[in-house]
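Visitor: Hi, could you walk me through this one? I'd like to ask a few quick things as we go.
Guide: Happy to, ask away.

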Amino acid sequence: GANGLVVVVPLDAVSASIYVYDQSRNFDYTAVPFHVMPRVTGFTPVRGVVGEEVVISGFNFSNINNLGLPPLVYFGNVPALAFLGADTQITTYVPAGALTAPITVETLAGYQTSSALFYLPPVIESFTPARAQVGEVLTIKGVNFTGATVARIGGATATILNAQLKEMTVQVPTGALDGTLYVETPGGAFFFFGARCRPSAA
């Protein structure tokens with residue numbers, strides 16, 4: 001229109017001044033840069049422990065403010081130390097207190113959270129009941145159970161009924177004996193020794 005233009009931000013746009021040309025190739029540009037929101041495309045490795053280095057890939061990670069400030073990185077809601085390697089790469093380290101969660105990158109333009117989760121090893125803290133019969137439900141509490149793929153009680157494979165970040169439920173399998181409670185997730189595995197899950201007397 002006579003008083004402005006409406007344009008669509010292209011997928012490969014970067015933070016910069018906006019240039020507008022007329023039909024004679026005359027142009028003008030904005031004095032203040034237009035900031036494009038960051039885009040996270042992936043990270044490696046996809047699992048790790050506190051202190052481990054993680055490289056995040058994507059676009060528009062630079063903060064254009066002439067202050068040299070790096071972007072902010074969060075594992076879930078826990079802030080992490082971050083170093084900008086390029087506009088398309090950030091090096092960060094898994095912070096203390098991080099749990100299995102997406103990774104978020106924030107710049108002056110906004111933020112984006114990864115579609116994938118970064119997995120940390122599971123930790124079993126407790127379970128109830130302390131003793132159960134075959135077929136009963138065992139509730140396991142701890143952290144990083146999201147995506148759990150395997151649970152064993154005394155060497156017998158249990159059916160996983162539900163697996164959330166801090167709690168999972170399994171069904172006590174036939175053949176379960178006193179011994180080790182084992183949980184495996186994409187982030188690793190955890191053995192809980194001394195579990196007493198042998199079927200109770202009827």
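Visitor: Is Thr169 buried or exposed?
Guide: Thr169 is buried, with a relative accessible area of 16%. Buried means under 20% relative accessible area, exposed over 50%, and partly exposed in between, using a 1.4 Å probe and protein chains only.

Visitor: Before I go on, what kind of model is this?
Guide: This is a predicted model, where local features need pLDDT of at least 70 and side-chain atom pairs count only at pLDDT 80 or more, while totals for chains, interfaces and linings use all residues. Residues are numbered from 1 along each chain as its sequence is written, and side-chain values use heavy atoms, with hydrogens and water left out.

Visitor: Thanks. Where does Thr169 sit, and what does Thr169 touch?
Guide: Thr169 is in strand S16, residues 167-171. Strands here are DSSP runs (E, at least two residues; helices are H or I, at least four), numbered from the N terminus. Not counting residues up to four places away in sequence, Thr169 touches Val137, Leu138, Thr139, Thr159, Ile160, Leu161 and Asn162. Contact means heavy atoms within 4.5 Å.

Visitor: And Thr157, buried or exposed?
Guide: Thr157 counts as exposed, at 52% relative accessibility. Thr157 is found in strand S14, residues 156-157. Setting aside residues up to four places away in sequence, Thr157 touches Ala151, Arg152 and Pro173.

Visitor: How many residues lie between Thr157 and Phe145 along the chain, and what separates their C-alpha atoms?
Guide: They are twelve residues apart along the chain, and their C-alpha atoms are separated by 16 Å.

Visitor: Switching to Leu84, what is in contact with that one?
Guide: Leaving aside neighbours within four places in sequence, Leu84 is in contact with Phe61, Ser62, Pro71, Gln89 and Ile90. Leu84 lies in strand S7, residues 82-86, and counts as partly exposed at 34% relative accessibility.

Visitor: What about loops? Where is Val50?
Guide: Val50 is in the loop between strand S3 (39-44) and strand S4 (53-59). Val50 is partly exposed, with a relative accessible area of 47%. Val50 and Pro95 are 45 residues apart in sequence, yet 5.6 Å apart in space, C-alpha to C-alpha. Beyond neighbours within four places in sequence, the contacts of Val50 are Val94, Pro95, Ala96 and Leu120.

Visitor: What is phi of Arg25?
Guide: Phi of Arg25 is near 70°, a positive value in a residue other than glycine. Arg25 is in the loop between strand S1 (19-21) and strand S2 (27-29), and counts as exposed at 59% relative accessibility. Asn60 also has a positive phi, about 60°, although it is not a glycine. Asn60 lies in the loop between S4 and strand S5 (72-75), and counts as buried at 4% relative accessibility.

Visitor: Back to Arg25, which ring does Arg25 lie over?
Guide: Arg25 lies over the face of Tyr21, at 4.6 Å from the ring centre. For a charge to sit over a ring, NZ of Lys or CZ of Arg must be within 6 Å of the ring centre and within 35 degrees of the ring normal.

Visitor: Last topic: which residues line the largest pocket?
Guide: The lining is Val7, Val8, Val9, Pro10, Ala13, Val14, Ala16, Ser17, Ile18, Phe34 and Val36. A pocket is an open set of points on a 1 Å grid over the protein atoms alone, where a 1.4 Å probe fits, with protein on both sides within 12 Å along at least five of seven lines; lining residues have an atom within 4 Å of a point.
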